[in-house]
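Student: Could we go through this model together and check each label against its definition?
Tutor: Happy to; have a look first.

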Amino acid sequence: NHNNIVKYWKNGVGVNLNDSSTDGFASSIFVSNNHDVYIAGVETEKGKNRIAKYWKNGVAGNLNNEKYSSRSQCIYVDNSIVYVSGYEIIDTKQVGVIWKNGIPEYYTTMGTHGNVNCVFSSNNTVYSGGSESTNMNGNNLKYRIDGNDYYIGNGRLATDQISSIFVINGNVYMAGSMHLNNDEKYDYWINEKPYTLKNGGVSMCSNSIYVSNDDIYIAGHQQIENSNSIAKYWKNGNEVNLTTSKQNAEANSIFVIGNDVFVGGTINNEPCYWINGRLVKLNNGVKGAVFSIFVTRVKIT
């Protein structure tokens, strides 16, 4: 019936979180205490609004009621507190929100259009990032630290936003996109200082950022005009291609442990991930995508 299955994979073995009677997808995954698996996503019953929710070890919980359509984007767990970012549609306005143990904290006001793409907790401080605007022609990129709002500039496109945030040693790293009027584009920020990923002027998309041993990793893709999208990641600004223009692929999420780089994404509309550049396909030809990847060295029971 053309519904999407909400799903995660553990070491390549798939776990369905809904059945084909509903439609949904999983946006983000987080593993806590080496055994609790948290998934943020959405699920929609036929004829009803889309509901933001998260699953803990396969058990679902709604983040809002069916009165408003909503979406959860990112999940992070710290000291048994579950943070989920996303948005609700309230009276035709898309309002950014962070749910803390299911209690909403609104990121934008009713007069603006907003979204919270990412959330991160470090040393009992909560960081989040997204965008807001008063119209759909461009976005003001915004992040928040424990309730205090910071703005890093206006993009000229409705797709401009902060996609991913990572904090270590007090430094705030963010990936996303911000198009400027002079055709320049920023792809990531370190403590609000902007940087660009360049390759001959070809458009880049940075989806996820991770920092390990002072090395900055960014996953994304390069969109070639009239051709396929090339999945890749950057390490300290140096690009590593995961595919060629012969495949249509995207890299959506990155996680690094030691010298091992894990990237989740899609290739030719099939879910997959890469380990140090080696492709691992999931689902044996069934269409889908990996939006988030999390790795632990300790066996998950």
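Student: Which residue in β4 is the bridge partner of Gly24?
Tutor: The bridge partner of Gly24 in β4 is Glu43. Before going on: this is a predicted model, where local features need pLDDT of at least 70, side-chain atom pairs count only at pLDDT 80 or more, and totals for chains, interfaces and linings use all residues. Residues are numbered from 1 along each chain as its sequence is written, and side-chain values use heavy atoms, without hydrogens or water.

Student: What makes β3 and β4 a pair?
Tutor: Two strands (DSSP runs of E, at least two residues) pair if DSSP finds at least two bridges between them. Ten bridges join β3 to β4, residues 36-45, so the two count as paired, and they run antiparallel.

Student: Why is Ser164 called buried?
Tutor: Buried means under 20% relative accessible area, exposed over 50%, and partly exposed in between, using a 1.4 Å probe and protein chains only. Ser164 has 9%, so it is buried. Ser164 lies in strand β15, residues 161-168.

Student: Why is Cys205 called partly exposed?
Tutor: Its relative accessible area is 25%, so Cys205 falls in the in-between class. Cys74, at 14%, counts as buried.

Student: How do you know that Cys74 is in no disulfide?
Tutor: A disulfide is a pair of cysteine sulfur atoms within 2.5 Å. The nearest cysteine sulfur to that of Cys74 belongs to Cys118, 6.3 Å away, so Cys74 is in no disulfide. The structure holds zero disulfides.

Note on methods. Helix = DSSP H or I, 4+ residues; strand = E, 2+ residues; numbered from the N terminus.
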